[in-house]
Amino acid sequence: MKPNRIYLSPPDIGSAEIEFVLEAFASNWIAPVGPNLDSFEKQFATIVGSKYAVALSSGTAALHLALRLAGVGPGDEVLCSSLTFIASASPITYVGATPVFIDSEEISWNMDSAIACEIIERKAKAGKAPKALILVHLYGQSADIAPIKACCDKYGVKLIEDAAEALGATYHCRAPGSFGIAGIHSFNGNKIITTSGGGMMVTDDEAFAQQARYLATQARDSAPHYQHSVIGYNYRLSNISASIGLGQLEGLAQKVVARRGHYQAYKEAFKNISGIIMQPEAPWSESTHWLTCLTLDPQRTKITAEQLRLALEAENIEARPIWKPLHLQPVFKGAEYHGRGVSDRLFGTGLCLPSGSAMTPGDRDRVIKVIKTQFA
Ligand SMILES: *Cc1c(COP(=O)(O)O)cnc(C)c1O
């Protein structure tokens, strides 16, 4: 008989969630509007330190709205981290703009600020600065926001943060996602908190938040009949999903502690294996380690990430390669890219380990044992 499956990052649901859902049923707020939706937004804004939060049907929808509200359209260029999930960049194409991909820096695996600033400056001097920059905070760790924000501010580039993987993290004691004109979060099933599917846009700009709500609900003008002056979307989160989110928020701090604990335990277990290099922790960030990731040093070991992944799979344990950089994706073939090969190397040598906040120490030991056996 196979041992139980250990997933990469499964949902971690407590008892509060069902209480909030029952409350929504009891009050008949089974709609994309309702008191739990309002509370979820208010509490979320408080937790991340932004003035406004708009709950949406996905993180991808949040990013789409942010780009549209930033005025990004056909003919515009948008800088974007290359090492990330496709959803960081697909909204650039939804608005008809062109992505320009930027490599990672070694210390955080996030966008290389030196390359980003050089490209912004070069394009500005050539007559057209990029319209926006999507800064991704990968695997629970904040990018180095300050130097990138300084370049964006200097050349009028709108900074949008993709904090879908970084809820609960800090950048110099503040939440990543709260620095740009807007930040986005995701509540997909694999994220640190889930609503079964959903997202949030946060901003300090009241008009931006109002416009986001307006566009997310089919852009209805204020009239008793249905009147529309622009085309909107059906992007609002439901009151039921928000109810799950309210319960999840209560457990956020504990989930961060659990995921950080996994990283520390893996790090300790592999400290004498010279071929294993853990994802570094950048000095400016308190990472949540949404996923614990490592790379294998080909100078020191013949074992590959794929070999480890297959050994884990044979024991019914799910592990995944690091994100395939977007400049290597077939769909973005020919797209402009600036880098020094960092994200290519991380993709080629990296692996993400099971990191769910409900994973038991016993299950974690199973993962560790399989990996140690490969190196024995
Ligand atoms: C999950 C994720 C998204 C998209 O969020 P959805 O809610 O799944 O649409 C965007 N960016 C990154 C980096 C993600 O990991």
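The structure is a predicted model, and the domain assignment divides the protein into domain 1 (15-250) and domain 2 (252-375). The C-alpha centres of domain 1 and domain 2 lie 25 Å apart, and the contact between them takes 47 residues from domain 1 and 40 residues from domain 2.

- On the side of domain 1, Trp109, Tyr139 and Ile192 supply 22% of the area buried against domain 2, which is more than any other three residues supply.
- Between domain 1 and domain 2 there are 3 salt bridges, and the count of residue pairs in polar contact, with both residues at pLDDT 80 or more, is 29.
- Several elements of domain 1 give two or more residues to the side that touches domain 2, among them strand 2 (77-81), helix 5 (113-125) and helix 8 (239-250).

**The nonpolar cores**

- In soluble globular proteins, nonpolar side chains tend to be buried together.
- The largest nonpolar core here has 70 residues, and the members that touch the most other members are Phe44, Leu65, Leu67, Tyr139 and Met201.
- This core draws at least three residues from each of domain 1 and domain 2.
- A second, separate core has 24 residues, including Ile276, Ala311, Val370 and Ile371.
- Tyr139, leaving aside its neighbours within four places in sequence, is in contact with a list of residues that includes Trp109, Glu165, His289, Trp290, Ile322 and Cys352.

**Two loop residues**

- Ser88 is placed in the loop between strand 2 and helix 4 (90-94), and because its relative accessibility is 1%, Ser88 counts as buried.
- The side chain of Ser88 makes a polar contact of 2.7 Å with the side chain of Asp162, and beyond its neighbours within four places in sequence Ser88 is also in contact with Leu63, Cys80, Ile134 and Val136.
- Val230 lies in the loop between helix 7 (206-216) and helix 8, and with a relative accessible area of 37% Val230 is partly exposed.
- Once its neighbours within four places in sequence are left aside, Val230 is in contact with Arg68, Tyr214, Leu215 and Ala219.
- Val230 and Arg122 are 108 residues apart in sequence, and their C-alpha atoms are 35 Å apart in space.

**Salt bridges**

- The count of salt bridges comes to 19.
- Glu313 forms a salt bridge with Arg5, and the closest N and O atoms of the pair are 2.9 Å apart.
- Glu313 lies in helix 10 (residues 305-314) and Arg5 in the segment before helix 1 (16-26), so this pair ties together parts that are 308 residues apart in sequence.
- Glu313, at 28% relative accessibility, counts as partly exposed, and Arg5, at 26%, counts as partly exposed too.
- The side chains of Arg122 and Glu118 meet in a salt bridge of 3.1 Å, N to O, and because these residues are 4 residues apart in helix 5, about one helical turn separates them.
- Glu286 forms a salt bridge with Arg260, with the closest N and O atoms 3.8 Å apart.
- Glu286 lies in strand 10 (residues 285-286) and Arg260 in helix 9 (residues 252-269), so the pair ties together parts that are 26 residues apart in sequence.
- Salt bridges that share partners join Glu41, Arg213 and Arg236 into one network.

Key
Residues numbered from 1 in each chain as written. Heavy atoms only, no water. Core = buried A, V, L, I, M, F, W, Y, C linked by side-chain atoms within 4.5 Å. Buried < 20%, exposed > 50% of the residue type's maximum accessible area, 1.4 Å probe, protein only. Domains from an automatic or database assignment. Contact = heavy atoms within 4.5 Å. Buried area = accessible area lost by both parts, 1.4 Å probe. Salt bridge = Lys/Arg side-chain N within 4 Å of Asp/Glu carboxyl O. Polar contact = N/O pair within 3.5 Å; in protein donor to acceptor, adjacent residues only side chain to side chain.
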